[in-house]
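Here are my notes on the model you sent over. Please read them with the structure open beside you.

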Amino acid sequence: MRKPALVIMAAGMGSRYGGLKQIDPVDPQGHMIIDFSIYDAIRAGFGKIIFVIKKENEALFRERIGDRVARSIDVAYAFQELENIPEGFSVPEGRVKPWGTGHAVLSCKGMIDGPFAVINADDYYGAEAFALIRDYLSSHEDDEKYRYAMVSYILRNTLTENGHVARGVCSVDDEGYLTGITERTKIIRRGDGAAYTEDDGSTWTDISPETPVSMNMWGFTLSLMDELEKRFRVFLENSLPSDPLKCEFFLPFAVNELLQEDKATIRVLNTGERWYGVTYKDDKQTVMDAIQKMKDEGKYPKDWY
C-alpha cells in the first residue's frame, strides 16, 4: 500500500492567542510546533504533506515552512476559501468565518489518492501517535464498511493551566472502537481532576482526568472525501437559513454521522503521549520548556531539514 499523506489544517487564525500562532517559533532554532509534527510524520513513513491554508497566507507559509519541508518530503497546498462551496449556494453577506474542519479536509479533494491522516497545525502530538496512525493506515482498507481510525489522548495530558480548552470526549466500546464523540467546549483543570461547563461557568460537572479525548488526529481512506462532499451540501441546506454567519461543518460531526449510520468503524488508537499546544500566550513557555527537554533527551535533533 502506498505511503499515507498527512493533511495539516492550518487555515485558522489563533483568535484567543492573538495572531497566526502556527508559525510562531518554539525553540532557539526557529522551529514551530508544526515542524515537530512533520519531523515525526516523516520518521513514521508518511509520503506527502498537504497544508490547508488561506490563499492569502501562501507566500508566508512557503517562506517559513513549505520550502524547507519540501527538501525532505512532497509538499502541496490546499486553500480553504469561503467561496469554495457547492453550486447553487452563495456566501452569506457579511460571512468571514471559515466553514469548519470538515470543509478544511474537503478542500484537499483531488489532491489525495489513498489513505491519509489529519492533524491540527498548532498541536504537538508526539512520535508515538504518528507511528500508530501510519501503521493502521498501512494495514487496513475499506470492506463492507469504511475502516477509519483516530488517536486518543488521556484528558489530563491535554489540559493547560492557563484557561479552558475544547475537547472531543470519546465513548469507546470493549473492542476498542469509537461509538461517539461529545464536544465539550469548556474544560478546565481543577486540582488533580477536571471539570466542564455547558452554561458558561454557572455550573461545573466533574469529568475523569483519565477520559479518552480526541485532539483531531484522524486516519481515513479516500472514501471520506465523497462522504464529506455529500454531507457538506446537506449541512449548508440545513444550517445556512438559521445561522448564516457562524455555522461550521466540523469533521467530528461528519464522522459521528457515519458511525450512527453504521457506515464506518473508527479504531481508537490510545497513546500516553503528552499533548502540547499554544492555546493561550502563557502556554508558549511551557511548550518551549517541553521541547527543549525532549531535545536534551535525544528525542529530536537540534536542527533538521
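**Notes on the model**

1. Let me start with a residue worth a look: Asn216 counts as buried, because its relative accessibility is 14% (buried means under 20% relative accessible area, exposed over 50%, partly exposed in between, with a 1.4 Å probe and protein chains only). Asn216 sits in strand β11, residues 212–220, and its phi is near 65°, a positive value in a residue other than glycine. Helices (H or I, at least four residues) and strands (E, at least two) are DSSP runs, numbered from the N terminus.

2. A word on the ground rules. This is a predicted model, in which local features need pLDDT of at least 70 and side-chain atom pairs count only at pLDDT 80 or more, while totals for chains, interfaces and linings use all residues. Residues are numbered from 1 along each chain as its sequence is written, and side-chain values use heavy atoms, with hydrogens and water left out.

3. Two aspartates also have a positive phi. Asp200, not a glycine either, has a value of about 60°; Asp200 lies in the loop between β9 (193–196) and β10 (205–207) and is exposed, with a relative accessible area of 61%. For context, most residues other than glycine have a negative phi.

4. Now the overall build. The protein chain has 7 helices and 13 strands. Its radius of gyration is 19 Å, close to the 19 Å that the globule rule gives for 305 residues, so the chain is as compact as a globular protein of that length (the radius is taken over C-alpha atoms, and the rule is 2.2 Å times the number of residues to the power 0.38). Along the principal axes, the C-alpha atoms fill a box of roughly 55 × 50 × 45 Å.

5. How much of the chain is buried? Buried residues make up 53% of the 305. Among contacts (heavy atoms within 4.5 Å) between residues at least 6 apart in sequence, 75% join residues at least 24 apart.

6. Helix α6 (residues 251–260) is mostly covered, with 7 of its 10 residues buried. These are Leu251, Pro252, Ala254, Val255, Asn256, Leu258 and Leu259. The C-alpha atom of Leu259 is separated by 28 Å from that of Ala44, 215 residues away along the chain.

7. Ala44 itself belongs to helix α1, residues 33–44. Leaving out residues up to four places away in sequence, Ala44 touches Phe130, Ala131 and Arg134.

8. Val26, in the loop between β1 (5–9) and α1, counts as buried because its relative accessibility is 3%. With residues up to four places away set aside, Val26 touches His31, Met32, Ile33, Phe36, Val287, Met288 and Ile291.

9. Ser223 is in helix α5, residues 223–239. At 17% relative accessibility, Ser223 counts as buried, and beyond its neighbours within four places in sequence it is in contact with Asp142, Tyr146 and Tyr148.
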